[in-house]
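The sequence and the structure come first, followed by the description.

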Amino acid sequence: MKLNVVRQTISKWEKGLSVPDSDMLISISEVFETSVSNLLGETIIESKVDDVKVISEKLEVINLQLAQRKATRSKTFHWLLILLFVVIAAIFTVLIVSNSPYLGWDYSDPEIAVVGVVLHGFEWLFMRIAPIALIGVIFGIFLTRKKV
């Protein structure tokens with residue numbers, strides 16, 4: 001390719017995950033024989049002298065928007081992990097406090113037997129998976145915390 005960029009970079013540009021720098025925009029405009037302002041979606045014709053400055057300002061705004069979007073996603077993910085931690089801790093607490101009440105039930109009634117088996121299965125599965133999930137959630141909370 002004339003621009004010496006990999007297809008993953010172009011894919012990021014197309015998805016709005018990143019933007020080309022001002023030099024790359026100028027190269028792209030030369031390859032496609034169009035103005036940089038046209039690439040940026042503008043119809044106003046600007047002088048060549050101001051192109052680089054205007055492009056730099058626009059790229060700065062776009063980069064700030066992308067950074068803000070990333071920070072918002074990271075913050076949302078952080079709080080979802082905290083919520084998941086609280087939910088897992090609450091379920092642990094309920095299971096420990098309730099001390100498996102279904103073990104004392106009369107299983108001669110089929111409906112009660114089914115509910116008891118479902119509760120036992122949930123408790124058995126939860127007690128084996130939740131500690132691993134809890135470690136992952138704590139690790140995720142640590143990784144997504146706001147760095148000062």
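How many aromatic pairs does the structure hold? In this predicted model, the structure holds 2 aromatic pairs. A pair of aromatic rings is described by the distance of the centres and the angle of the planes. Both values are listed here for each pair.

| Pair | Centre to centre | Angle between planes | Class |
|---|---|---|---|
| Phe92 and Phe126 | 5.1 Å | 65° | edge-to-face |
| Phe122 and Phe126 | 5.7 Å | 25° | stacked |

The planes of phenylalanine 92 and phenylalanine 126 stand at 65°, so this pair is edge-to-face. This pair links distant parts of the chain: phenylalanine 92 belongs to helix α4 and phenylalanine 126 to helix α5, 34 residues apart. Phenylalanine 122 and phenylalanine 126, in contrast, both lie in helix α5; because they are 4 residues apart there, about one helical turn separates them. Together, the ring pairs link Phe92, Phe122 and Phe126 into a cluster.

Which of these rings are buried? Phenylalanine 92 and phenylalanine 126 are both buried. For phenylalanine 126 the relative accessibility is 11%, so this residue counts as buried. Phenylalanine 122 has a relative accessible area of 42% and is therefore partly exposed.

In soluble globular proteins, nonpolar side chains tend to be buried together.

Arginine 145 lies over the face of phenylalanine 142, and its distance from the ring centre is 4.1 Å.

As to confidence, the chain has a mean pLDDT of 84, with 93% of its residues at 70 or more. Among the elements of the chain, α5 has the highest mean pLDDT (92), while helix α3 (residues 36-39) has the lowest (76). Where pLDDT is low, the predicted coordinates should not be read in detail.

Technical notes: Residues are numbered from 1 along each chain as its sequence is written. This is a predicted model: local features need pLDDT of at least 70, side-chain atom pairs count only at pLDDT 80 or more; totals for chains, interfaces and linings use all residues. Side-chain values use heavy atoms; hydrogens and water are left out. Rings of Phe, Tyr and Trp (its six-membered ring) pair if their centres lie within 6.5 Å; planes under 30 degrees apart count as stacked, over 60 as edge-to-face and the rest as tilted. Helices (H or I, at least four residues) and strands (E, at least two) are DSSP runs, numbered from the N terminus. Buried means under 20% relative accessible area, exposed over 50%, partly exposed in between (1.4 Å probe, protein chains only). A charge sits over a ring if NZ of Lys or CZ of Arg is within 6 Å of the ring centre and within 35 degrees of the ring normal. pLDDT is the predictor's confidence in each residue, from 0 to 100.
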